[in-house]
Amino acid sequence: MKRDKQLTRLLVASIGVMILLFASCKRYVDPPLYFEEPGDTTRPASRKVLLIAIDGAAAGEYKKMGLPVLQNMLSKSKYTWEGVSDEVSTDAATWKTLMSGVSYSRHKIKDSSFIYTQGINDPQHSSVPNYPSIFSYILSSPKSDMRTTVISSWRTMVEKLVPEVQDPVVAADDVAVKDSALKRIKTGNPDFMVLQFNSVAIAGKAGAFLADNTLYKDAAVKVDAYIGELLTALKARPGYDKSEEWLVIVTSTHGGIGNSYGGPSSAEVNAFSVFYHEKFKPLEFVRSGFSGVAMKGTGSSVIRARIPDDGGLYNPGSAQQTISVKMKSPTKTQYPHFFSKMDKFASTTGWSLFTNSSGIWCISVIGSGESRIQGTTPVVFDDKWHTVTFKFMDSASKRWLVRYTDDKRIDHTDITARGSVTSTSPLTMGWATDQGMGAVTVSFADCMIFNTALSDAEVAALQCSKDITQHPRYANLIGYWPCSDGFGGRFLNKAPGAVNKDFVLQGAFTWDNYAEVPCSITPFQPVAGKSALFMKSVDVTVTSLYWLKMNILPVWGLEGSKWLEPYEQEFVKL
């Protein structure tokens with residue numbers, strides 16, 4: 001019995017010692033798995049980003065100037081001169097897009113207050129969307145100890161747009177921005193640094209955003225030299241291209257037209273981007289192909305496009321009119337309506353296009369009563385591009401509805417008894433008119449409305465027209481939406497004289513690149529040193545996070561793409 005008690009005390013004491021030893025040990029987070037090859041004593045290089053954004057750097061003008069530092073970077077860069085910033089090109093809007101990875105159509109930050117601007121068509125009392133900066137995602141990640149820096153002469157931007165940054169610096173001017181960055185590169189250990197240079201925009205506003213403007217060019221040359229100093233300092237770091245893998249991004253936030261900016265013109269929104277890394281092979285990205293939005297869904301999940309108020313311009317009324325649109329849909333289903341100017345099918349005036357399970361297209365026209373035209377047409381719901389055209393035409397003292405598929409006339413129907421066909425409903429692409437029926441997934445291109453009845457030959461000429469200005473009825477074109485903008489929240493109206501008649505996109509839409517393009521668009525022809533990719537400012541956020549090996553969560557709703565992934569064989573050491 002005595003021996004048993006001694007053994008028990010010894011066992012308890014041993015357990016106590018083990019507990020004390022365990023509690024006193026310092027605990028470390030397990031490091032990530034790292035496998036060494038025989039003789040390999042190196043550790044993986046740390047990824048770092050230097051993002052340099054230049055306000056007012058018009059892409060076309062910068063390309064003309066051929067600035068030496070930027071030009072020398074191209075030999076080790078993926079780059080584009082044909083990218084875009086955003087549909088609203090104010091400083092606040094473009095910087096919000098650049099720092100959040102979300103476009104203006106969602107964040108709605110327009111002016112220097114950095115306060116959400118509610119659109120006229122947004123629901124009243126709807127919640128204000130919150131799209132934080134890239135630094136918020138870093139701060140809430142396992143890489144929260146990353147050393148982040150923003151250096152800018154714009155205090156409001158630093159304080160309101162990027163409050164999560166670890167090292168915010170408000171500098172006096174571009175020289176001070178450069179000097180502050182040099183100090184940190186030479187004596188510090190930054191992981192992600194963002195610099196804003198605005199002297200180019202200031203020079204553009206003082207004269208013009210043109211290479212021929214001496215003031216503008218001088219400012220661009222100075223900033224180019226600043227970039228050269230920064231690269232020299234970066235390459236002088238002991239770990240550069242060894243223990244540190246730097247991605248240097250130089251991008252423009254917007255351009256300008258005349259001596260101003262803020263609008264949606266190509267001169268204002270066109271942007272260049274240069275992504276530089278020591279191991280990159282040079283490649284220029286050009287804008288080519290077709291980038292569109294697929295209409296889909298119903299109810300609160302609908303994705304569609306509408307013109308909020310056309311002022312009656314697109315009502316056929318009692319006049320002659322031709323409406324033509326290219327469409328692509330893989331869906332054959334029962335009676336969904338997909339393109340309309342009608343509030344409620346079969347009970348309100350207007351017109352509406354729909355399909356049936358056979359994949360043909362039909363139309364309902366309602367004025368004084370209804371004409372429901374469902375005669376057989378070639379199948380258009382076959383996942384190929386087709387042109388659907390119909391016109392309201394007067395002939396032989398009667399009024400007719402004439403239908404075409406691609407370049408062929410299908411039928412003509414007497415609609416004289418319908419009288420005037422007028423509707424206050426918005427012109428709509430996607431689900432709307434018959435809410436009792438399901439939706440159809442459909443993409444659109446080259447939507448056109450003429451204020452006259454085109455002849456059969458003139459309709460045929462629309463089929464693969466690559467330049468609508470050369471069409472014989474161009475003067476009668478009152479609406480033209482290519483639907484290939486590739487960015488923003490609208491299908492812009494390119495018809496002569498059309499103002500405030502854009503299709504506004506609704507719902508959780510995305511711009512997608514289509515492998516098959518409408519015949520009006522010339523497919524990209526492979527050229528050595530070039531590839532087709534339409535780059536946008538929203539891509540910068542995703543590219544930066546990707547380079548920093550961050551896990552990008554779908555719930556963040558970032559719009560950019562991981563376009564760099566296919567080129568990993570150039571820079572990932574296996």
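Is Phe209 buried or exposed? Select Phe209 to find out: the residue is buried, with a relative accessible area of 2%. Keep in mind that this is a predicted model.

**Stop 1: Phe209 and its partner**

Now look at the two rings. The centres of Phe209 and Tyr216 are 5.8 Å apart, and their planes meet at 65 degrees; angles over 60 count as edge-to-face, so this pair is edge-to-face. The structure holds 29 aromatic pairs.

**Stop 2**

Go to Trp547 and Phe571. Their rings make a tilted aromatic pair, with 5.1 Å from centre to centre and 45 degrees between the planes. Trp547 belongs to helix H13, residues 538-547. Phe571 is in the segment after H13, 24 residues away, and the pair links these distant parts of the chain. Both Trp547 and Phe571 are buried.

The charged end of Arg47 sits over the Trp547 ring, 4.2 Å from the ring centre.

For another example, select Arg287 and Phe534. Here the charged end of Arg287 sits over the ring of Phe534, at 3.8 Å from its centre.

**Stop 3: an aromatic cluster**

Select Phe339, Trp351, Trp361, Phe390, Phe392 and Phe444 together. These residues form one aromatic cluster.

**Stop 4: the open sheet**

Switch to a cartoon view. Which strands form the open sheet, and in what order? There are eight, running E16-E15-E14-E13-E20-E11-E24-E23, with antiparallel pairing. Strands of a sheet pair through backbone hydrogen bonds.

Colour the two edges next. They are strand E16 (369-373) and strand E23 (490-491), and each pairs on one side only.

Strand E15, residues 361-367, pairs with E16 in the antiparallel sense over five bridges. Ile366 stands opposite Glu370 of E16.

**Stop 5: Glu370**

Stay with Glu370, in strand E16. Its relative accessibility is 28%, which lies between the 20% limit for buried and the 50% limit for exposed, so Glu370 counts as partly exposed.

Show the residues around Glu370. Leaving aside neighbours within four places in sequence, Glu370 is in contact with Phe345, Ala346, Ser364, Val365 and Arg418.

Then pick Leu247 and draw a C-alpha to C-alpha distance to Glu370. The two are 63 Å apart in space and 123 residues apart in sequence.

**Stop 6: two helices side by side**

Select helix H8 (residues 174-187) and helix H10 (residues 214-235). How do they pack? Their axes are 9 Å apart, at an angle of about 5 degrees. H8 and H10 are therefore roughly parallel to each other.

Show side chains for the contact. From H8, it is made by Asp174, Val175, Lys178, Ala181, Leu182, Ile185 and Lys186. From H10 come Val223, Tyr226, Glu229, Leu230, Ala233 and Leu234.

**Last stop: the whole chain**

Zoom out. The chain has 13 helices and 26 strands. Its C-alpha atoms fill a box of roughly 115 × 90 × 50 Å along the principal axes. Of its 574 residues, 53% count as buried. Among contacts with a separation of 6 or more, 68% join residues 24 or more positions apart.

Methods. Residues numbered from 1 in each chain as written. Predicted model: local features only at pLDDT ≥ 70, side-chain atom pairs only at ≥ 80, totals over all residues. Heavy atoms only, no water. Phe/Tyr/Trp six-rings, centres within 6.5 Å; stacked < 30°, edge-to-face > 60°. Buried < 20%, exposed > 50% of the residue type's maximum accessible area, 1.4 Å probe, protein only. Helix = DSSP H or I, 4+ residues; strand = E, 2+ residues; numbered from the N terminus. Lys NZ or Arg CZ within 6 Å of the ring centre and 35° of its normal. Pairing = 2+ DSSP bridges. Axes fitted to C-alpha atoms, helices over the stretch in contact; angles between N-to-C directions. Parallel < 35°, antiparallel > 145°, perpendicular 65-115°, else oblique. Contact = heavy atoms within 4.5 Å.
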